[in-house]
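Here are some notes to read alongside the structure. They take the ligand site first, then the sheet, then the core.

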Amino acid sequence: MAPVVQIQDIHKIYDSGEVPVHAVRGVSLDIHKGEFVALMGASGSGKSTLMNLLGALDRPTRGIYKLDGIDVSQLDKNELADIRNQKLGFVFQGFNLLARTTALENVELPMLYGRHRKVSSAEIRERAHYCLEIVGLAKRADHMPNQLSGGQQQRVAIARALVNQPQVLLADEPTGNLDSKTSVEVMGVFQKLNEQGITIVMVTHELDIAHYCKRNLILRDGVVVRDELVKDRLIAEHELGKLKQAEAAAKLTAAPAA
Ligand SMILES: Nc1ncnc2c1ncn2[C@@H]1O[C@H](COP(=O)(O)OP(=O)(O)O)[C@@H](O)[C@H]1O
Ligand SMILES: [Mg+2]
C-alpha cells in the first residue's frame, strides 16, 4: 500500500524578514497507515515548520508532499482547506476549545464545514457523541470546558479531531500542558486510536512520552538526523496500572499503625 504521507526532499525557507531562514532543509519521509510517529528535536530545529507542512497549513518552498496520494504542493488555499478538513485531524498543546460551548458542541464544530454541510444535525450530534465515547467522555457531553480537567479537555480536543474520520492525526505537543499522569492517560487514548488503525504524528520534546509511540524521528537544524523504531515501547495501560499500585502502597504506608 502507498504511504499515507510521502515527502520528497522538502524545503521551507521563510523570507519575510531581513535574512531568509532555511527552516526545513531537505527532508524525505514516508509514513504508512497505522504508524505512530514522535517528532523530536531541540527548540528551533524545525518541528513546527514540518508539522505545518504535514498539516497542509503551509506549502513547501520546494520538494514534493503527497498526502493520501494527492500532491499537496500544487494546491491553492481553498483546496488546502478542503484537504485539511477531509484528511487531517489536529490536536494542539492548548486544547483550543471554545469556551461557553459544551464538549459535545465543540466536537461537532469541524462537521459544520466542508463536505459535511449536507449531513443532518441529528447525525452530526450522533457522530460527535460517538467520538466522545471513544475518548471516554460520553458522560461529560454537556459540560463546558471550564468544568473539565486539563486531561478531559484534551480528550474533547481529540474527539473533535476524530469527528471527520481523518486519515492522519497531527498533534503538536499534546501533553505539553498536562501533568505526568494525565499525559500517560492521553497517550493511552492515542494508543487505543492507533490500534484501531489511525495514523498519528505528534511533536514532543519529552523522551518518555516519545516512548509510547512506535517510531521516533529526530530533527536537527531542519534535517532528520535520526529515524528509528521504538524498542521496548511503553504501554499506557500498564504504566497507569503501576502508578495506581504505587499510590495504593503509599496510602498503606501513610496509614497509622493499629
Ligand atoms: N514564520 C516564520 N518566519 C520566519 N522564521 C520562522 C518562522 N517560523 C519559524 N521560523 C524559524 O524557523 C526555524 C525553525 O522553527 P520551528 O519550526 O518553529 O522550530 P521548532 O518547532 O522545532 O522549535 C527557527 O529558526 C525559527 O526562528
Ligand atoms: Mg515548535
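1. This is a predicted model. In the shell around ligand 1, the largest share comes from α1, which supplies three residues. Helix α1 covers residues 47–54, and β2, residues 21–31, also gives at least two residues to this shell.

2. In total, 13 residues surround ligand 1. The closest are Tyr 14, Ala 23, Lys 47, Ser 48 and Thr 49. By residue type, the shell divides into nine polar, three nonpolar and one charged.

3. Now the sheet. It is open and built from six strands, in the order β6-β7-β8-β3-β9-β10, with mixed pairing. The edge strands are β6 (88–92) and β10 (223–229), each of which pairs on one side only. On average, neighbouring strands of this sheet are turned by 20 degrees against each other, with direction ignored.

4. As background, the strands of a sheet pair through backbone hydrogen bonds, and the pairing is either parallel or antiparallel. In which sense do β9 and β10 pair? Strand β9, residues 215–220, pairs with β10 in the antiparallel sense, over six bridges. Arg 215 has Leu 229 of β10 as its bridge partner.

5. Last, the core. The largest nonpolar core holds 64 residues. Leu 39, Ala 159 and Ile 200 have the most contacts inside this core.

6. Which residues does Ala 159 contact, once neighbours within four places in sequence are left aside? They are Val 107, Cys 131, Leu 132, Ile 134, Val 135 and Leu 137.

Note on methods: Residues are numbered from 1 along each chain as its sequence is written. Chains are lettered from A and ligands numbered from 1 in the order in which they are written. This is a predicted model: local features need pLDDT of at least 70, side-chain atom pairs count only at pLDDT 80 or more; totals for chains, interfaces and linings use all residues. A residue is near a molecule or strand if its C-beta atom, placed from the backbone, lies within 6 Å of it. Helices (H or I, at least four residues) and strands (E, at least two) are DSSP runs, numbered from the N terminus. Ala, Val, Leu, Ile, Met, Phe, Trp, Tyr, Cys and Pro count as nonpolar, Asp, Glu, Lys and Arg as charged, and the others, Gly among them, as polar. A nonpolar core is a set of buried Ala, Val, Leu, Ile, Met, Phe, Trp, Tyr and Cys residues joined through C-beta atoms within 7 Å. A residue is buried if 20 or more other C-beta atoms lie within 10 Å of its own, exposed if 12 or fewer, and partly exposed in between; C-beta atoms are placed from the backbone. Two residues are in contact if their C-beta atoms, placed from the backbone, lie within 7 Å. Two strands pair if DSSP finds at least two bridges between them. Axes are lines fitted to C-alpha atoms, for helices over the stretch in contact, and angles run from 0 to 180 degrees between N-to-C directions.
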